[in-house]
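Please keep the sequence and the model in view while reading.

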Amino acid sequence: MVFAQIRIFAPMEKYKSDTATVVKHTGSHYLLSKLPEWELFPAVIKGKLRLKGSSSTNPVAVGDLVEYDKDEAGELATIKSILPRRNCIIRKSTNLSRQSHVIAANVDMAFLIVTVNFPEVKLQFVDRFLVTCEAYNVPVTILLNKIDLYDEGDMERVEAFEAIYGSAGYKVIRTSAETGENIGELKELCKGKVVLFSGQSGVGKSSVISALDSSLNLRVGEISAYHLQGKHTTTFYEMHPISSGGFVIDTPGIRGFGLVDVSPEELSTYFPEMLRIEDNCKFAPCTHTHEPGCAVKEAVENGEIAYERYESYLGMLEEEGKYR
Ligand SMILES: Nc1nc2c(ncn2[C@@H]2O[C@H](COP(=O)(O)OP(=O)(O)O)[C@@H](O)[C@H]2O)c(=O)[nH]1
Ligand SMILES: [Mg+2]
Ligand SMILES: [Zn+2]
């Protein structure tokens, strides 16, 4: 134990290794920290630094592990390279746009927050987000928030939502940032991890994060990100440490969620409930649209696969085919 302490606090030891995680991006500057330590220092990028083959608007994203050099004074770091990503969350603002944006990299878990009312959930958004998580290797859990607000009719929709996504294979947790329902469980899930919170504007991302750690002072009811997008200003993402353990990334107002590099041929493999059974289709590859002996269509007909999910699949298949 004594050895462990000496190591952590020895000053020379601290900057010996030269990799750190990007925790914030503001314009031309980045803030880095050697997680799980939380000691921030500024960094810049000199020249052009691009990931091979990437058409992303941001070469370095929050969560990226980077190699850096420090200047003589040891104050400003220069990012030299980005280490290979374990995973990332990436989107296009519209299907037509060529450029993509990496929201975060190397996340241990994404929490997708939804509400069945205030605002009403858009399944298209949900399914596109989930497909991206599957395609880019990010484990995802759905939080059904504002559970304290719902009347009987809303609760029926809560149950329908849970049935659809539960049978697809996703964990759905009911939460309330207002009453604290299941916030304790959420704290446990965040411990020792870097987690991302995403979801439509107004579902309670900032509120849930504030419920995890009230000292974070995140602005609730913030709509400025929405206005900023309208003015073509970049929105910035930021990581925060939470007192019960772990690091969270809040994402401000995302309106659309366009898929990046998901081909029509592989799309169904990103629907876990389709992936599980598509070996049983008579034809391979099978688009699960018109082919005879299609196991996916059969499962939709007998209710094993939710019709809503199949409909989302068809919609994405058409969209992705159109803009290739
Ligand atoms: N009753 C209730 N209101 C909530 C809950 N979570 C968020 N809100 C409210 O919903 C609005 C939007 O919340 P905010 O956290 O800013 O949403 P964000 O846009 O996803 O970050 C605010 O007025 C919050 O007070 C909840 O669980 N219950
Ligand atoms: Mg917010
Ligand atoms: Zn099929």
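## Residue Glu320

Does Glu320 count as buried or exposed? The model is predicted, and in it Glu320 has 20 C-beta neighbours inside 10 Å, so this residue counts as buried. A residue is called buried if 20 or more other C-beta atoms lie within 10 Å of its own.

Glu320 belongs to helix H11, which covers residues 307-322. Leaving aside residues up to four places away in sequence, Glu320 touches Leu259, Val262, Pro264 and Leu267. Between Glu320 and Val262 there are 58 residues of separation in sequence, while their C-alpha atoms are 7.6 Å apart in space.

## Helix H3

Helix H3 is formed by the 13 residues 123-135. At 1.5 Å a residue it should span 18 Å, and this agrees with its end C-alpha atoms, which are 18 Å apart.

The buried residues of H3 are Val126, Asp127, Arg128, Phe129, Leu130, Val131, Thr132 and Cys133. Just after H3, Asn137 adopts a positive phi of about 65°.

## Helix H4

Helix H4 comprises the 17 residues 152-168.

Phe161, Ile164 and Tyr165 are buried in H4. These residues lie on the same side of H4, because they cover an arc of only 80° around the axis. The face turned away from this buried side carries the exposed residues Glu152, Met155, Glu156 and Glu159. Gly169 follows H4 and has a positive phi, near 115°.

Terms used: Residues are numbered from 1 along each chain as its sequence is written. Chains are lettered from A and ligands numbered from 1 in the order in which they are written. This is a predicted model: local features need pLDDT of at least 70, side-chain atom pairs count only at pLDDT 80 or more; totals for chains, interfaces and linings use all residues. Helices (H or I, at least four residues) and strands (E, at least two) are DSSP runs, numbered from the N terminus. A residue is buried if 20 or more other C-beta atoms lie within 10 Å of its own, exposed if 12 or fewer, and partly exposed in between; C-beta atoms are placed from the backbone. Two residues are in contact if their C-beta atoms, placed from the backbone, lie within 7 Å. The expected span of a helix is 1.5 Å times one less than its number of residues. The arc is that of the directions from the helix axis to the C-beta atoms.
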